[in-house]
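Subject: Handover of a structure and summary of findings

Dear colleague,

Please find below the structure that I am handing over to you.

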Amino acid sequence: MTARIAFQGEPGAYSHQACREARPDMEALPCRTFEDVITAVRDGEADLAMLPVENTTYGRVADIHRLLPESGLHIVDEAFVRVHISLMALPGSRISDIDTVRAHLVLIPQCAEFLSRHGIKGEAAADSAGAAAEIATEGLRSVGALASDLAAEIYGLDILARHIEDHAHNTTRFLIMAREADTARRHEEMITTFVFRVRNIPAALYKAMGGFATNGVNMTKLESYMVDGSFTATQFYADIQGHPDDANVQLAMDELSYFTSFLKVLGTYPADLPRG
């Protein structure tokens, strides 16, 4: 039986592209929501989950940090995917035929310069790959889609202009998650991700972070977010460079645990090469 990796979105979505690039030997399973992706892995319908966590243009993916600790899954890898945007339309179409493009709301502003130059207006869609699918079935020659090259391949559309985004740095970071943890030291550079809440004492966060500084552990990410609908219940999400077996990481985590009321490691996994 072919191993499967679940993603959120329609076939041809950027999460689907991430699956193809990071796990080309696995069958990609589209799911409607992030919760459905997690459930597919928990229930054994899929072996891995591909979940986006942040984007260089738009920051953190909404709700994902809340879902990760409650998912029951473990981070086993990360993947960075360059978000290239292409204009696609029905076979035989030309750019001059297109007066409207459909795409997810976040993609349209990223192609503002190109769309303005060609006098094309944007129309928001729930999903960019889904917009490509609609154009293929509706047969409208004046409407195009902004989506991945993979979407054009899947839905039989012509790419009229490739990689038309205004900025060349748009990248999404994905986490690959599984039912079982894999903390083996599979690479020289490892990343450990965890969430925590600090105790209700003065300067608790400052003191909790001190252990990482004094032990020479590089913290590459620290983000806060509210939990339980309360302005006073704050949880933190953190990435550090290192493995829990490293002596300095052990010391830093021990010190962190003293100042926290909750601490959960979500995974230890190899750093993806684009980090370098």
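Across which strands does helix α5 lie? Helix α5 (residues 128-138) lies across β6, β7 (100-104), β8 and β9, and runs at about 150 degrees to β9. Axes here are lines fitted to C-alpha atoms, for helices over the stretch in contact, and angles run from 0 to 180 degrees between N-to-C directions; contact means heavy atoms within 4.5 Å. Helices (H or I, at least four residues) and strands (E, at least two) are DSSP runs, numbered from the N terminus.

Two remarks on conventions are needed. The model is predicted, with local features requiring pLDDT of at least 70 and side-chain atom pairs counted only at pLDDT 80 or more, while totals for chains, interfaces and linings use all residues. Residues are numbered from 1 along each chain as its sequence is written, and side-chain values use heavy atoms, with hydrogens and water left out.

Overall description

The protein chain has eight helices and 15 strands. Its C-alpha trace spans about 65 × 45 × 35 Å along the principal axes. Of its 276 residues, 50% count as buried, where buried means under 20% relative accessible area, exposed means over 50%, and partly exposed lies in between (1.4 Å probe, protein chains only). Among contacts in the protein chain with a separation of 6 or more, 74% are between residues 24 or more positions apart.

The five-stranded sheet

An open sheet of five strands has the order β8-β7-β9-β6-β10, and its pairing is mixed. Two strands are taken to pair if DSSP finds at least two bridges between them. The edge strands, β8 (121-125) and β10 (158-161), each pair on one side only. From one strand to the next, the twist averages 40 degrees. Within this sheet, β6 (residues 86-89) and β9 (residues 143-147) pair in the antiparallel sense over three bridges; Ser 86 has Ala 147 of β9 as its bridge partner.

Nonpolar cores

A nonpolar core is a set of buried Ala, Val, Leu, Ile, Met, Phe, Trp, Tyr and Cys residues joined through side-chain atoms within 4.5 Å. The largest has 28 residues, and Leu 51, Ile 64 and Leu 68 have the most contacts inside it. At least two residues of this core come from each of β2 (27-31), α2 (34-42), β3 (48-55), α3 (64-70), β11 (171-178), β12 (190-198) and β15 (260-270). Helix α2 supplies the largest share of this core, five residues. Another core, of 18 residues, lies apart from it and includes Ala 103, Ile 108, Leu 115 and Leu 146.

If residues up to four places away in sequence are not counted, Leu 68 touches Leu 51, Val 53, Leu 175, Met 177, Tyr 237 and Leu 266.

Salt bridges

The structure holds 21 salt bridges, each being a side-chain nitrogen of Lys or Arg within 4 Å of a carboxyl oxygen of Asp or Glu.

- Arg 173 and Glu 78 meet through their side chains at 2.9 Å, N to O. The pair links distant parts of the chain, with Arg 173 in strand β11 and Glu 78 in strand β5 (residues 74-82), 95 residues apart. Arg 173 counts as buried at 2% relative accessibility, and Glu 78 counts as buried at 4%.
- Asp 246 pairs with Arg 185, the closest N and O atoms being 2.9 Å apart. Asp 246 lies in the loop between β14 (234-241) and α8 (247-258) and Arg 185 in the loop between β11 and β12, so the pair ties together parts that are 61 residues apart in sequence. Arg 185 is partly exposed, at 47% relative accessibility.
- Asp 63 and Arg 66 meet through their side chains at 4.0 Å, N to O. Asp 63 is partly exposed at 48%, as is Arg 66 at 37%.

A network of salt bridges links Glu 54, Arg 60, Glu 78, Arg 173, Lys 221, Glu 223 and Asp 239.

Two loop residues

Thr 33 lies in the loop between β2 and α2 and counts as buried, at 18% relative accessibility. A polar atom of its side chain lies 3.0 Å from the backbone nitrogen of Asp 36.

His 169 is found in the loop between β10 and β11 and is partly exposed, at 46% relative accessibility. Leaving aside neighbours within four places in sequence, His 169 is in contact with Thr 56, Thr 57 and Arg 82.

Yours sincerely

Key
A polar contact is a pair of N or O atoms within 3.5 Å; within protein, one must be able to donate a hydrogen and the other to accept it, and residues adjacent in sequence count only if both atoms are side-chain atoms.
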